[in-house]
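Dear colleague,

Please find the sequence and the structure below. I would be grateful if you looked through them before reading the notes that follow.

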Amino acid sequence: NYKKPTLIDFSRTGDRSTGYISIAEKEKLPFVPKRIYWTYFTPEDVVRGFHSHHNLEQVLIAMAGKITLNIETNDGELFEFILDSPDKGVYIPKQCWRTMKYSHNAVQMCIASMEYDESDYIRDYSLFKK
Ligand code: TYD
């Protein structure tokens, strides 16, 4: 009964003359957030991620720039998402292997369901596949 990775459309209000606002409130989120962090200035030739989580669920949003996100679920299904708009997010369920590539200007926000816990990480791909 694992959930699948899905695109979340946060939508936006506003217009070009005032700018926009997007809101992550509980109707849009698959979990109650416990932690928010962001990554930025990742060189374009660097791939991040290469891990899964036992229990952590996340939503990734490209607040600026473009993120290419590849996900392998725990039943081997493959997904690719291009995040290039701050009104979109991707829900990453637990037990998904993920890698991310970034444009030079990308700022990635992660909304997370749990506090940081290194023991929740699976950083060995062969252990993930078991
Ligand atoms: P990691 O989750 O591996 O980053 P990414 O998936 O983007 O490559 O985290 C990178 C490092 O930062 C790792 O050594 C753990 C540390 N870290 C924390 O200490 N606290 C946190 O909340 C996060 C997300 C990472």
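How many helices and strands does the chain have? There are 12 strands and 1 helix. Please bear in mind that this is a predicted model. Read from the N terminus, the order of the elements is β-β-β-β-β-β-β-β-β-β-β-β-α.

I turn next to the overall form. A compact globule of 130 residues would have a radius of gyration near 14 Å, and the chain, at 15 Å, agrees with this. Along the principal axes, its C-alpha atoms fill a box of roughly 50 × 35 × 25 Å. Of the 130 residues, 22% count as buried. Among the contacts with a separation of 6 or more, 78% join residues 24 or more positions apart.

Five of the strands make up an open sheet with antiparallel pairing, in the order β8-β7-β10-β5-β12. The edges are held by β8 (78–83) and β12 (121–122); each has a single partner strand, so one side of each is left without a neighbour in the sheet. Within this sheet, β5 pairs with β10 (residues 97–102) in the antiparallel sense over 3 bridges. Histidine 51 has arginine 98 in β10 as its bridge partner.

The last topic is the ligand. The residues that surround it are Arg35, Tyr37, Thr39, Arg48, Gly49, His51 and Tyr116. This shell divides into 2 nonpolar, 3 polar and 2 charged residues. At least two residues of the shell come from each of β4 (35–40) and β5 (48–53).

Yours sincerely

Terms used:
Residues are numbered from 1 along each chain as its sequence is written. This is a predicted model: local features need pLDDT of at least 70, side-chain atom pairs count only at pLDDT 80 or more; totals for chains, interfaces and linings use all residues. A residue is near a molecule or strand if its C-beta atom, placed from the backbone, lies within 6 Å of it. Helices (H or I, at least four residues) and strands (E, at least two) are DSSP runs, numbered from the N terminus. Ala, Val, Leu, Ile, Met, Phe, Trp, Tyr, Cys and Pro count as nonpolar, Asp, Glu, Lys and Arg as charged, and the others, Gly among them, as polar. Two strands pair if DSSP finds at least two bridges between them. The radius of gyration is taken over C-alpha atoms; the globule rule is 2.2 Å times the number of residues to the power 0.38. A residue is buried if 20 or more other C-beta atoms lie within 10 Å of its own, exposed if 12 or fewer, and partly exposed in between; C-beta atoms are placed from the backbone. Two residues are in contact if their C-beta atoms, placed from the backbone, lie within 7 Å.
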